[in-house]
Amino acid sequence: MHLESPKVTVKKSQVEVFNFLKSVENFEKLMPESIEKFETLEDDAFLFQLKGMPVIKLKLNEANSPKEVILGATSDKLPFTLKGNIEALDDSSSEVQLIFEGEFNSMMAMMIKSPIKKFITTLSENISKI
């Protein structure tokens, strides 16, 4: 399953956005209002739970300065990655897009597609406010 958030403009430089996204504790500021739990586990990992959803643990897999941050789920039950692509527009603004990639059976994909799309759209909207 491949889902993309809308591209959003952030009034921060590409490096500033990259540094924000590679610090996993900052994801708490981006979470939707339906967040029930958020916990930083290590410097590069956190877990979160949205209302009605299971706990999901994400780990920073790659940080390719200043263009890309890739988080990956640590559970084999929900294998996916969440990539943040960051493009410089000029010295003080950037464009960010989140890309969700996961391998799910068709039944699971049908059930989670809409909530995941809404989730990554909310994250990207909240990135635009940082």
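## Pocket, cavity and salt bridges in a predicted model

The largest pocket has a volume of about 270 Å³, a value that, like the others here, comes from a predicted model.

Reader: Which element gives the most to the lining of the largest pocket?

Author: The lining of the largest pocket draws two or more residues from each of strand 4 (45–50), strand 5 (56–64), strand 7 and helix 3 (106–127). Among these elements, the one that gives the most, with six residues, is helix 3.

Reader: Which residues are closest to the centre of the largest pocket, and how many line the pocket?

Author: The residues closest to the centre are Pro32, Ser34, Leu50, Pro115 and Phe119. By class, the lining is made up of 13 nonpolar, two polar and three charged residues. The number of residues that line this pocket is 18.

Reader: How many cavities of 30 Å³ or more does a search of the whole structure find, and how much space lies in the largest cavity?

Author: A search of the whole structure finds one cavity of 30 Å³ or more. Strand 6 and strand 7 are the elements that give two or more residues to the lining of the largest cavity, and by class this lining has seven nonpolar, one polar and one charged residues. Leu21, Phe27 and Val69 are among the residues that line the cavity, as is Lys83. The space that lies in the largest cavity is about 50 Å³.

Reader: Which residues are linked in a network of salt bridges?

Author: Side chains of opposite charge can pair when their charged atoms come close. Glu42 and Lys59 meet in a salt bridge at 3.8 Å, N to O, and since Glu42 lies in strand 3 (residues 35–42) and Lys59 in strand 5, the pair ties together parts that are 17 residues apart in sequence. Lys59 also forms a salt bridge with Asp44, with the closest N and O atoms 2.9 Å apart, and Asp44 lies in the loop between strand 3 and strand 4. The network is therefore that of Glu42, Asp44 and Lys59.

Reader: How far apart in space are Leu78 and Met108?

Author: Leu78 lies in the loop between strand 6 (68–73) and strand 7 (80–90), and with a relative accessible area of 19% Leu78 is buried. Leaving aside residues up to four places away in sequence, Leu78 touches Pro54, Ile56, Ala73, Phe104 and Met108. Although Leu78 and Met108 are 30 residues apart in sequence, their distance in space, C-alpha to C-alpha, is 9.6 Å.

Reader: Which residue's backbone oxygen does the side chain of Asn26 reach?

Author: Asn26 is placed in the loop between helix 1 (14–22) and helix 2 (27–30), and at 11% relative accessibility Asn26 counts as buried. Not counting residues up to four places away in sequence, Asn26 touches Asn19 and Phe20. The side chain of Asn26 reaches, at 2.9 Å, the backbone oxygen of Phe20.

How values were computed: Residues numbered from 1 in each chain as written. Predicted model: local features only at pLDDT ≥ 70, side-chain atom pairs only at ≥ 80, totals over all residues. Heavy atoms only, no water. Helix = DSSP H or I, 4+ residues; strand = E, 2+ residues; numbered from the N terminus. Buried < 20%, exposed > 50% of the residue type's maximum accessible area, 1.4 Å probe, protein only. Contact = heavy atoms within 4.5 Å. Polar contact = N/O pair within 3.5 Å; in protein donor to acceptor, adjacent residues only side chain to side chain. 1 Å grid on protein atoms, 1.4 Å probe; cavity = no way out; pocket = protein on both sides within 12 Å on 5 of 7 lines; lining within 4 Å. Points joined across faces, edges and corners; volume = space filled by probe spheres on them. Nonpolar A, V, L, I, M, F, W, Y, C, P; charged D, E, K, R; others polar. Salt bridge = Lys/Arg side-chain N within 4 Å of Asp/Glu carboxyl O.
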